[in-house]
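Hello,

Please find below the structure for your review. My notes on what turned up in it follow.

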Amino acid sequence: MEIQKLYDIDDIEFEDITIGLVRLAKDIPAHEFFYKINKINGLTFSRKKDVIIHGAYYDYYFPRFEAYHKFTKTCFTFISNRSSESKQKKLQTELFTEEENIKFLLNNQVDVEYILHSSEQIPDFSVILLPENLVFPIQDYILGSEEELYQIIQYYE
């Protein structure tokens, strides 16, 4: 008797996810930014375990902050777009490597300070009040399942 195959990986549909791009109007430290967000919201963002990306020469660490909205039962996550720390694993011996000691999660959006993700299928980032004169309006950005950041978000979710 054969074991029935429950699903075929090729038949699984991966849905795109929407994230929010957060650009700061002023350069302020993360602790001050989240203090101001926590002060005006019913949410309390706290630092969670960093997102870690392992490169060939460096390990990159991206700060991550999470809060849980009690009424909508939604988890909101801010991930720094720029690595805060990198640890060199081995010495670079090649002249032209693609890897540097600073990494961005979205290479084409280096002016973005934070990536905002929601556990909802259709996220509503307007639930989070942002400090006036400190943050530009949140820009929606669609991630396809083939992008590296999509895989990272799914792993840490």
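**Salt bridges and other contacts**

D50 and R47 form a salt bridge in which the closest N and O atoms are 2.9 Å apart; the term stands for a side-chain nitrogen of Lys or Arg within 4 Å of a carboxyl oxygen of Asp or Glu. The model is predicted, so local features need pLDDT of at least 70 and side-chain atom pairs count only at pLDDT 80 or more, while totals for chains, interfaces and linings use all residues. Residues are numbered from 1 along each chain as its sequence is written, and side-chain values use heavy atoms, with hydrogens and water left out.

The side chains of D50 and R47 also make a polar contact, at 2.9 Å. That term means a pair of N or O atoms within 3.5 Å; within protein, one must be able to donate a hydrogen and the other to accept it, and residues adjacent in sequence count only if both atoms are side-chain atoms. D50 counts as buried because its relative accessibility is 15%, whereas R47, at 47%, counts as partly exposed. The cut-offs are under 20% relative accessible area for buried and over 50% for exposed, with partly exposed in between (1.4 Å probe, protein chains only).

D50 lies in strand β2. Helices (H or I, at least four residues) and strands (E, at least two) are DSSP runs, numbered from the N terminus. Leaving out residues up to four places away in sequence, D50 touches Y61, F62, P63, R64 and Y156, where contact means heavy atoms within 4.5 Å.

A search of the whole structure finds six salt bridges. One of them joins the side chains of R23 and D111, at 2.8 Å from N to O. R23 is in the loop between β1 and α1 and D111 in the loop between β5 (85–88) and β6, so this pair ties together parts that are 88 residues apart in sequence. R23 counts as buried at 16% relative accessibility, and D111 as partly exposed at 49%.

Another salt bridge is formed by D59 and K89, with the closest N and O atoms 3.4 Å apart. This pair links distant parts of the chain: D59 is in strand β3 (residues 58–69) and K89 in the loop between β5 and β6, 30 residues apart. D59 counts as buried at 13% relative accessibility; K89 is partly exposed at 43%.

K90 lies over the face of Y57, at 5.4 Å from the ring centre. The criterion is NZ of Lys or CZ of Arg within 6 Å of the ring centre and within 35 degrees of the ring normal.

**Aromatic pairs**

The structure holds 10 aromatic pairs. Rings of Phe, Tyr and Trp (its six-membered ring) pair if their centres lie within 6.5 Å; planes under 30 degrees apart count as stacked, over 60 as edge-to-face and the rest as tilted.

F34 and F78 have ring centres 5.3 Å apart and planes at 80°, so their pair is edge-to-face. It links distant parts of the chain, with F34 in helix α1 (residues 30–40) and F78 in strand β4, 44 residues apart. F34 is buried at 4% relative accessibility, and F78 is buried with a relative accessible area of 0%.

F34 also forms an edge-to-face pair with Y114, at 5.4 Å centre to centre and 75° between the planes. Because F34 lies in helix α1 and Y114 in strand β6, the pair ties together parts that are 80 residues apart in sequence. Y114 is buried as well, with a relative accessible area of 4%. Ring pairs link F33, F34, F45, F65, F78 and Y114 into a cluster.

Which residues of helix α2 are buried? In this helix (residues 148–156), they are L149, Y150, I152 and I153. They cover an arc of only 165° around the axis, which puts them on the same side of α2; the arc is that of the directions from the helix axis to the C-beta atoms. What covers these buried residues includes β1 (17–22), β2 (46–54), β4 (74–80), β6 (114–118) and β7 (139–143).

N133 is found in the loop between β6 and β7. Its phi is near 60°, a positive value in a residue other than glycine. At 68% relative accessibility, N133 counts as exposed.

Regards
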